[in-house]
Amino acid sequence: MTTHDLRSRNWFGRQDLDGFAHRSWLKTEGFSDLVFDGRPVIGIANSWSELNNCNAHLRQVAEAVKRGVWSAGGLPLEFPTISLGEILMKPTTMLFRNLMAMDVEECIRAYPLDAVVLLSGCDKTTPAMLMGAASAEVPAVMVTGGPMLRGKWRTEELGSGTDLWRLWGERRAGRLTDEELCEAESCMSRSSGHCMVMGTASTMASMAEALGMTLPGNAAIPAPDSRRLALAELSGRRAVEMARAGGPTPSQILTANAFDNAIRADMAIGGSTNAIVHLVAIAGRVGVPLPLAHFDELSRTTPFLVNVRPSGKYLMEDFFYAGGLPVVMKELLPLLHGEALTVNGKSMADNVRDAKCWNEDVIRPLSVPLASEGGTVILFGNLCPDGAVLKQSAASPHLLVHRGRAVVFEDHEDLHRRIDDPSLPIDETSVLVLKHVGPKGAPGMPEWGAAPIPARLLRKGVKDMVRISDARMSGTSYGTVVLHVAPESAVGGPLALVSDGDAIELDVPKRTLALRVSDEELARRRAAWKPRPPRFTRGYGRLFLDHVLQANEGCDFDYLRGATPVRREDTAGPSHS
């Protein structure tokens, strides 16, 4: 068999029965002979869905990508992928992130694509697409959907997620009426796009840019802004150039230095705790080890610069107008690997060197940070021997060193059944412990970590408590919340052994989380502990439970780590009936 420089020519350039069939079938869509003249085929992986409000505008974005591909002499072919809508999917989109990554990888692998443009937006769609593309190793460029425009209620600016939790807390405390809540509901989300705070979607868009997998400036352009479509068009053009050059491929961009850059960017922007799980998973696809201790090492030496909710006062629209992620990366250049390659073929330093900040209250200079350390810290101790995470930039300073008595909930249902029970022995010094909400326990590790504060404490003016679980929390959430406790309770981690009344010590400056119970007592409890029966016994759920890794390993499937690049001579074989 003849191997062509362009992978797609093994489908469309063949002068045999298969080539005849491939061209003939595509002509049913109205394409002429001219599109089979040897031009690169660019796949557009589109996670558009009406069930995913964050990605509901991606059809228009795809059309802009096509303009760019056509203008550069390529053939754009759009194809759908699974779309994971964080708000509507139950129990959590995290249960399906790996499934989407498999979908993206196998489509790239099986179709005649010389390069691919990845269209994402909502929390898990961005890491899932990056994971799939990294494993397939075909040249890829990502275009995220962008944040919504800021919400506006009366004279107040609202940020989806962050202000949702705050307003609901006010309603539970009796300080907001149903009518007022309904009014705010209609004012919060007023355009297409993902959450307009520094939640997981904004964070992962920033991570894609910091890794070098998007064109510069992609992360913060608001979804309805025409500049998002212009960037999409340019991304289509760049995909054609990458196809003709044979790269750079994901593995050439997703290096250890690129991940260091992304981690520092995450710490500087006060990014979502979810970024840690996703970055570890993406790194696992290209064979880059990312132990949790490395995140903390970089966090301790990376100042926190971005004043955006939930760790500040502004919204993503303001972040964009201030200069966006290129300004953050320029400020961080003394700490970055500036030579790291990006998808446009230039180094990170070359891309951001001339970035200008237009509002230093939104993006602080490196010399005048909001805090001397990054937004997220890693904790270790006998309660989390494999680590846990806490977002210190969104926590209460008075709780960062705290000792309290545990109030234990065995699962999410138990929490919601008893949290407002007047007889529950809990006060503001208590430590709320939630079990069986991790990768295998929930299953899927939902965003249940920011457990509600009892209504009676809210009415007393309590706004935060220490909360500990093996779950995740929304990147839009805030509070002194310890997450991703590993190993999780469902597999017999120490969290499973905590009982009501146990003393727990949190010391964020020392990065420790300790259960003050004797080793002898813990051994007795361990001997009596029994795992729960599995939630799933068939289908994808069974596959998930059998193969998902723990939070500190990125929650990917054990057999998906490491790339298996497509070969140029790979085709689907004879495709005729």
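How many bridges join S1 to S3, and do the two strands run parallel or antiparallel? In this predicted model, S1 and S3 are joined by five bridges and run parallel.

**The parallel sheet**

The two strands belong to an open sheet of four strands, arranged in the order S2-S1-S3-S4 with parallel pairing. Strand S2 (75–80) and strand S4 (140–144) stand at the edges with a single partner strand each, so one side of each lacks a neighbour in the sheet. From one strand to the next, the twist averages 20 degrees.

Strand S3 (residues 115–120) is also joined to S4 by five bridges, and these two strands run parallel. Taking individual positions, Ile42 stands opposite Ala115 in S3, while Leu119 stands opposite Val143 in S4 and Ser120 has Thr144 of S4 as its bridge partner. S3 is mostly covered, with six of its six residues buried. Ala115, Val117 and Leu119 point one way from the strand, whereas Val116, Leu118 and Ser120 point the other way, and all are buried.

Helix H3 (residues 58–71) lies across strand S1 (41–46), S2, S3 and S4, and its direction makes an angle of about 160 degrees with S2.

The buried residues of H4 are Arg97, Asn98, Met100, Ala101, Val104, Glu105, Cys107, Ile108 and Arg109. The elements that cover these buried residues include S2, S3, helix H5 (125–136), H12 and helix H20 (539–547).

Helix H4 (residues 97–110) packs with helix H12 (residues 274–285) at an angle of about 35 degrees, the axes being 13 Å apart, and the crossing is right-handed. On the H4 side the contact is made by Arg97, Ala101 and Glu105, and on the H12 side by Val277, His278, Ala281 and Arg285. Sorted by class, this contact has three nonpolar, one polar and three charged residues.

H8 is mostly covered, since 12 of its 12 residues are buried under the cut-off of 20% relative accessible area. Among these buried residues are Thr200, Met204 and Glu209. H8 is followed by Gly212, which has a positive phi near 95 degrees.

The axes of H8 and helix H11 (residues 256–269) come within 8 Å and cross at roughly 145 degrees, again in a crossing that is right-handed. From H8, the contact is made by Thr203, Ser206, Met207, Ala210 and Leu211, and from H11 by Ala258, Phe259, Asn261, Ala262, Ala265, Asp266 and Ile269. By class, the contact of H8 with H11 has eight nonpolar, three polar and one charged residues.

| Helix pair | Angle | Axis separation |
|---|---|---|
| H4 and H12 | about 35 degrees | 13 Å apart |
| H8 and H11 | roughly 145 degrees | within 8 Å |

Key: Residues numbered from 1 in each chain as written. Predicted model: local features only at pLDDT ≥ 70, side-chain atom pairs only at ≥ 80, totals over all residues. Heavy atoms only, no water. Axes fitted to C-alpha atoms, helices over the stretch in contact; angles between N-to-C directions. Left-handed = near helix turned anticlockwise from the far one by under 90°. Contact = heavy atoms within 4.5 Å. Nonpolar A, V, L, I, M, F, W, Y, C, P; charged D, E, K, R; others polar. Buried < 20%, exposed > 50% of the residue type's maximum accessible area, 1.4 Å probe, protein only. Pairing = 2+ DSSP bridges.
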